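Here are my notes for your first look at this entry. Please keep the structure open while you read.

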Amino acid sequence: MTEKTEKTENPHAQSVLRLADAMFRYALWPGVATVVIGAIVSVIWVGVPGLLGAIVGGIVAFASSLATLWMMRKTSAMEPMAVMAVALGGYIFKVLVLLGVMMLLRGVHALHPKALALTMLAVILVWAAAEFTAFKKTKIPTIIPSAD
């Protein structure tokens, strides 16, 4: 049985994939708008270094947020408890990667650190709020009975 066939026959996988699609749809444009607003505010605030910092912060935040959706897609066919374990491990890994990226970017003088950090934080918060909204509005069963 192929992975695609397995995912379409597994009701849990269907729910996770539908939720991942909804989260992407709900979060994409608010995330883009937040980066644009962050870039505009930062260029007015501190000039070109602010613009570059805001763009890099937005890219890092987008990469982090998209990694969550990628993990959801890759683990959708797994047992629900395994998905939760991967999600927790993935969250810890993402926090460590974000810390590492921020430490590496700390010495780049072309980027304004506060513009980078504030834009990144704003995008992550807006993306998380959009994902929460998608979760609330997406019609997925909370309890999926076993086919056994």
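1. In which helix does V95 lie? V95 sits in helix α4, which covers residues 80-105. Keep in mind that this is a predicted model.

2. V95 has a relative accessible area of 40%. Buried means under 20% and exposed means over 50%. V95 is therefore partly exposed.

3. V95 belongs to a nonpolar patch on the surface. The patch is formed by L88, Y91, I92, V95, L96, L99 and M103. Together these residues have about 730 Å² of accessible area.

4. Now turn to H112. This residue is found in the loop between α4 and α5, and α5 spans 113-137. The relative accessible area of H112 is 18%. The cut-off for buried is under 20%, so H112 counts as buried.

5. What does H112 touch, leaving aside residues up to four places away in sequence? The list is W45, V46, P49, G50 and G53. The side chain of H112 also has a polar atom 3.2 Å from the backbone nitrogen of A115.

6. Step back to the whole protein chain. It has 5 helices and 0 strands. From the N terminus on, the order reads α-α-α-α-α. Take the contacts between residues at least 6 apart in sequence: 82% of them join residues at least 24 apart.

7. Finish with the surface. The protein chain has 148 residues, and 33% of them are buried. Its accessible surface is about 9400 Å². Carbon and sulfur atoms account for 74% of that surface.

Note on methods:
Residues numbered from 1 in each chain as written. Predicted model: local features only at pLDDT ≥ 70, side-chain atom pairs only at ≥ 80, totals over all residues. Heavy atoms only, no water. Patch = residues over 30% accessible without salt bridge, like charges linked within 9 Å, V, L, I, M, F, W, Y side chains within 5 Å. Areas by Shrake-Rupley, 256 points an atom, 1.4 Å probe, with all protein chains shown as cover. Salt bridge = Lys/Arg side-chain N within 4 Å of Asp/Glu carboxyl O. Helix = DSSP H or I, 4+ residues; strand = E, 2+ residues; numbered from the N terminus. Buried < 20%, exposed > 50% of the residue type's maximum accessible area, 1.4 Å probe, protein only. Polar contact = N/O pair within 3.5 Å; in protein donor to acceptor, adjacent residues only side chain to side chain. Contact = heavy atoms within 4.5 Å.
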